[in-house]
Amino acid sequence: HVGDELLGTFDRVVMGYLPTPFQFVSRALAFLKPSGGWVHFHYCSRNDEKFSLPRTAFAPHCAIARLDVRFVKHYAPHVDHYVADILVESTTKAAD
């Protein structure tokens with residue numbers, strides 16, 4: 001795969017794909033150092049899902065130490081664009 005030589009080398013990964021980058025979470029985590037790091041995760045959701053969606057996407061793959069969510073802009077009726085900064089403790093689950 002493209003970029004395989006960079007796996008496990010980064011402290012921070014930026015995921016700016018919209019409307020939802022969920023299918024790329026495992027690959028993004030593979031680029032973090034084994035000790036973890038930050039993932040800057042853009043996504044769209046309803047307001048009542050703004051915290052649960054990033055947790056649902058990341059929890060099966062890694063340990064989340066911190067989750068900060070910010071509103072970016074309105075995307076569509078009843079759907080907003082958010083960004084979550086996720087501090088990953090360890091990427092040991094990311095090898096799936």
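## An aromatic cluster

Ring pairs link Phe22, Phe41, Tyr43, Phe58, Phe71 and Tyr82 into a cluster. Rings of Phe, Tyr and Trp (its six-membered ring) pair if their centres lie within 6.5 Å; planes under 30 degrees apart count as stacked, over 60 as edge-to-face and the rest as tilted. The model is predicted: local features need pLDDT of at least 70, side-chain atom pairs count only at pLDDT 80 or more, and totals for chains, interfaces and linings use all residues. Residues are numbered from 1 along each chain as its sequence is written, and side-chain values use heavy atoms, with hydrogens and water left out.

The structure holds seven aromatic pairs. Take Phe41 and Phe58: their ring centres are 5.0 Å apart and their planes stand at 90°, so this pair is edge-to-face. Phe41 lies in strand 2 and Phe58 in helix 2 (residues 52-58), so the pair ties together parts that are 17 residues apart in sequence. Helices (H or I, at least four residues) and strands (E, at least two) are DSSP runs, numbered from the N terminus. Both Phe41 and Phe58 are buried. Buried means under 20% relative accessible area, exposed over 50%, and partly exposed in between (1.4 Å probe, protein chains only).

## Strand 2 and its partners

Eight of the nine residues of strand 2 are buried, so the strand is largely enclosed by the rest of the structure. Strand 2 pairs with strand 1 (residues 12-15) through four bridges, and the two run parallel. Two strands pair if DSSP finds at least two bridges between them. Arg12 has Trp38 in strand 2 as its bridge partner.

Strand 2 also pairs with strand 4 (residues 79-90). Here nine bridges join the two, and they run antiparallel. Strand 1, helix 1 (residues 25-31) and strand 2 form a right-handed β-α-β unit. A crossover is right-handed if, with the strands pointing away from the viewer, the path from the first strand over the helix to the second runs clockwise.

## His42 and Ser45

His42 sits in strand 2 (residues 37-45). His42 has a relative accessible area of 17%, so this residue is buried. Its side chain makes a polar contact with the side chain of His40, at 3.3 Å. A polar contact is a pair of N or O atoms within 3.5 Å; within protein, one must be able to donate a hydrogen and the other to accept it, and residues adjacent in sequence count only if both atoms are side-chain atoms. Leaving aside neighbours within four places in sequence, His42 is in contact with residues including Met15, Leu18, His81 and Tyr82. Contact means heavy atoms within 4.5 Å.

Ser45 is also found in strand 2. Its relative accessibility is 3%, so Ser45 counts as buried. Not counting residues up to four places away in sequence, Ser45 touches Lys50, Leu53, His78, Val79, Asp80 and Tyr82.

## Cysteines and Ala63

A disulfide is a covalent bond between the sulfur atoms of two cysteines. How many disulfides are there, counting cysteine sulfur atoms within 2.5 Å? The count comes to zero. Cys44 is buried, with a relative accessible area of 8%. Cys62 is buried too, at 3%.

Ala63 lies in strand 3 (residues 63-76). Is Ala63 buried or partly exposed? Its relative accessible area is 28%, so Ala63 is partly exposed. Leaving aside neighbours within four places in sequence, Ala63 is in contact with Leu87, Val88, Glu89 and Ser90. Asp4 is 59 residues from Ala63 along the chain, and their C-alpha atoms are separated by 23 Å.

Methods. A disulfide is a pair of cysteine sulfur atoms within 2.5 Å.
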